[in-house]
Amino acid sequence: MLTTIANKTVNLNEEGYLTDFSQWDKDIAHEIAQQAGLDLTPRHWDVISYLQDQHKKEIALTIRNVGKSGVVDIKEFYQLFPAGPLKTSTKIAGIPKPVSCI
Amino acid sequence: MKRILILGAGTSGTMMANHLHHDLKNLKEEWEIVIIDENEIHYYQPGFLFLPFDIYTPEDIQKPIRQFLPDDVRFICEKVGKILPAEKKVITENGDTFQYDILIIATGTSISPEETEGMLGEEWRKNIFDFYSFDGALALRDKLRDWEGGNLVVHITEMPIKCPVAPLEFAFLADSYFKHKNIRDRVNITFVTPMDGVFTKPKATHALEHLLIEKNIHVVPDFAIERIDNENKKIIDYVGKEVPFDLLVTVPTNKGHEMIGRSGLGDDLNYVATHKATLQSKSDPSIFVIGDATNIPASKAGSVAHFEAEILTENILHYINGEPLLEEFDGHANCFVETGNGKAILLDFNYTHEPVEGTFPFPGVGPLRLLKESRMNHMGKLAFRWIYWNMLLKGNHIPFISTNMSEAGKHFDNV
């Protein structure tokens, strides 16, 4: 689905996740965050960069391994992204929603 | 003499011993099969769901491991200490060493209540129980026999867990159980899950949700537990949400065997990195992995292990013959979901297909109905215990049920 975020045309899946990371930039991240009711702080950016880095390395993301990353613990992860931290943070980071529930 | 060494004599390990014993009978002079397990008892794990409600007795669900292994498969009852892949050997905690040519890891998954703060506090096994272990299910049975009512909270700590529908089945069976005891009006049942719905697949979640409403079971989704407050008897999540309980039935964090971690073969939950279509480990071509011990994105369930065993057996024969492995495992799972009052739902799905409606195993005929409640499905679930002990563990093919998921119509044409 083609749509416009931060005046840029991007492809989103039906759940609102970017399907092409090369279309992502910081303005888009800000706008997705705002739709989720979040103002991004430097701590949010630390987490977002970490998630993107892990995604690049093809490491599957779970709340557990993010909590053990040394970047953020689970408690702070929930404080930064209160409603479903992994779902929200990956959407803002422009990477796919992790499939961790089997 | 070359050796296939199997670690774990649960559902997967026992099936592999039987399959390989059968398929290697012409190579009996060249290959021996050795299986190691720390227990002498084989538990019928689906029975852990029924034990707390006095539907099964302890005797129904435990038998000696040895009874299900061929005579010339060597069974060693010892605790494995470590796998040394570079030397192709396994050391037990007693210090015995076993060389292998092929290693099959089938060490499963089990509960780790110590992962959650307060779970092993003073309420553990008083008002906090699990039913994923034999001891836990038995202790819960004794508790339920005398319990007079209050807030029952059925809770999943984190995913993935073995048999992801079992907690929901527990809630359904609890509803029936208290109705039969005529105390349902004194019991509130709440189902608390870290997922955003009651099951891992959206279509099945949709089908199950109306049952929860019908049975007056309240759902609290998106609840990631941080700790248990024993004193005030409540569970608390990372954003401070609280759910009070009088009786908490929790599924603690599930982890692979700690020996996997010690051997450097596990991820952060001690599951072994495994190719999802061939079941070969990603780190060493002579190591294969089956059942709950793998990290593949399939349900951790006996039916999955059954389908895996058929493909893994073929792949081990290919490996022995120096042939390429089949990339055939499709994540097929087939689960009966007990819904209480003598009824059940049947789910059939794989890596790519969600559970659908229809009939099983014969399209258009049944007799089992997919995604719909029926008494026949419940009879199927109860009959499964007989099939498990008498056919499945021995590696017999279950009639009419294909290893890969059959698409509607296809199976019908073959009959």
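Reader: Which residues touch the most other members of the largest nonpolar core?

Author: This is a predicted model, in which local features need pLDDT of at least 70, side-chain atom pairs count only at pLDDT 80 or more, and totals for chains, interfaces and linings use all residues. Residues are numbered from 1 along each chain as its sequence is written, and chains are lettered from A and ligands numbered from 1 in the order in which they are written. A nonpolar core is a set of buried Ala, Val, Leu, Ile, Met, Phe, Trp, Tyr and Cys residues joined through C-beta atoms within 7 Å; a residue is buried if 20 or more other C-beta atoms lie within 10 Å of its own, exposed if 12 or fewer, and partly exposed in between, with C-beta atoms placed from the backbone. The largest such core has 132 residues, and those touching the most other members are B:Ile6, B:Met16, B:Ile104 and B:Ile290.

Reader: What does B:Ile6 touch, not counting residues up to four places away in sequence?

Author: Two residues are in contact if their C-beta atoms, placed from the backbone, lie within 7 Å. With residues up to four places away in sequence left out, B:Ile6 touches B:Gly13, B:Met16, B:Ala17, B:Ile33, B:Ile35, B:Ile104 and B:Ala106.

Reader: How do the residues on the side of chain B that touches chain A divide into nonpolar, polar and charged?

Author: The contact involves 16 residues of chain B and 13 residues of chain A. Ala, Val, Leu, Ile, Met, Phe, Trp, Tyr, Cys and Pro count as nonpolar, Asp, Glu, Lys and Arg as charged, and the others, Gly among them, as polar. On the chain B side that gives nine nonpolar, two polar and five charged.

Reader: Is A:Lys75 buried or exposed, and what does A:Lys75 touch?

Author: A:Lys75 lies in helix α4 (residues 74–80) of chain A; helices (H or I, at least four residues) and strands (E, at least two) are DSSP runs, numbered from the N terminus. A:Lys75 counts as exposed because it has 12 C-beta neighbours inside 10 Å. Not counting residues up to four places away in sequence, its contacts are B:Glu226 and B:Tyr238.

Reader: How are helices α2 and α5 of chain A oriented to each other?

Author: Axes are lines fitted to C-alpha atoms, for helices over the stretch in contact, and angles run from 0 to 180 degrees between N-to-C directions. Helix α2 (residues 42–56) and helix α5 (residues 85–93) of chain A pack at about 80°, with axes 9 Å apart. Angles under 35 degrees count as roughly parallel, over 145 as roughly antiparallel, 65 to 115 as roughly perpendicular and the rest as oblique. α2(A) and α5(A) are therefore roughly perpendicular.

Reader: Which residues make the contact between α2(A) and α5(A)?

Author: The residues of this contact divide into five nonpolar, three polar and no charged. They are A:Val47, A:Ile48, A:Leu51 and A:Gln52 of α2(A), with A:Ser89, A:Thr90, A:Ile92 and A:Ala93 of α5(A).

Reader: Which residue has a positive phi in the hairpin of β23(B) and β24(B)?

Author: Strands β23 (residues 358–362) and β24 (residues 366–370) of chain B run antiparallel and are joined by five bridges. In β24(B), B:Gly366 is the bridge partner of B:Phe362. Three residues lie between the strands, and the one with a positive phi, near 85°, is B:Gly364.

Reader: Where is B:Pro361 found?

Author: The peptide bond joining B:Phe360 and B:Pro361 is cis, with omega about -5°. B:Pro361 is found in strand β23 of chain B.

Reader: Where does B:Lys88 lie?

Author: B:Lys88 is not a glycine but has a positive phi of about 50°. B:Lys88 counts as partly exposed because it has 18 C-beta neighbours inside 10 Å. Its place is the loop between β6 (80–84) and β7 (89–92) of chain B.

Definitions and conventions
Two strands pair if DSSP finds at least two bridges between them.
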